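Hello,

Please find the structure below, followed by notes on what was found in it.

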Amino acid sequence: MEKNVMYFKKPSKIIPFNYMVHRVFLWDITELLQKNTYRLPNCFTLVFLILLITCSPVNVKNDDAKEFDRAFYVYNTEKDYSTAIDLFERIIDKYPWSSKLDNSQYYLGRSHMKLAPTLLPDTLSTLSEFESAIDAFLSINSKSSKYDEGQHQIGVCQEKILQLK
């Protein structure tokens, strides 16, 4: 190994990236700084790691709330349920850790329920929308405030499915 190039230790198992950055990379940097080895490639690596660590997901947390607000606006005000379905599905896929996840699941189900009667001449599409609504309601976490409402909406969907058959 060259003395003026920084090498990182390879973890022995797969570990989360943040853990790896804080435990493996920072430990190596601390070790290098203690040895007073300030080489040019090490300084660039150090600057890169500092930038990587300081780029926290704070902005990402705000993005999920902004996207949820937009999707809820489309659902509640514009009443464009097919667009709301797309927006809520995007939030669910893009931000699975979000605090807005259960609300997104709930309003995804409600959007499917509201869209279903507009497809009424096509019974299969209407049934499919109600089944999609049930799937969305079943995905709500049981500890969520929307869980009980979701369970009630499942019953409503099942009644409407029986009426269509």
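The protein has 7 helices and 0 strands, where helices (H or I, at least four residues) and strands (E, at least two) are DSSP runs, numbered from the N terminus. Along the sequence the pattern reads α-α-α-α-α-α-α.

This is a predicted model, in which local features need pLDDT of at least 70, side-chain atom pairs count only at pLDDT 80 or more, and totals for chains, interfaces and linings use all residues. Residues are numbered from 1 along each chain as its sequence is written, and side-chain values use heavy atoms, with hydrogens and water left out.

Of the 165 residues in the protein, 34% are buried (buried is under 20% relative accessible area, exposed over 50%, partly exposed in between; 1.4 Å probe, protein chains only). Among contacts (heavy atoms within 4.5 Å) with a separation of 6 or more, 55% are between residues 24 or more positions apart.

The salt bridges come to 3, each being a side-chain nitrogen of Lys or Arg within 4 Å of a carboxyl oxygen of Asp or Glu.

- Lys-94 and Glu-67 form a salt bridge at 3.3 Å, N to O. Lys-94 lies in helix α4 (residues 81–94) and Glu-67 in helix α3 (residues 58–78), so the pair ties together parts 27 residues apart in sequence. Lys-94 is partly exposed at 47% relative accessibility.
- Glu-78 and Arg-70 form a salt bridge at 3.6 Å, N to O. Glu-78 is partly exposed at 41%, and Arg-70 is partly exposed at 42%.
- Glu-149 and Lys-146 form a salt bridge, with their closest N and O atoms 3.8 Å apart. Glu-149 is partly exposed at 35%, whereas Lys-146 is buried at 12%.

Regards
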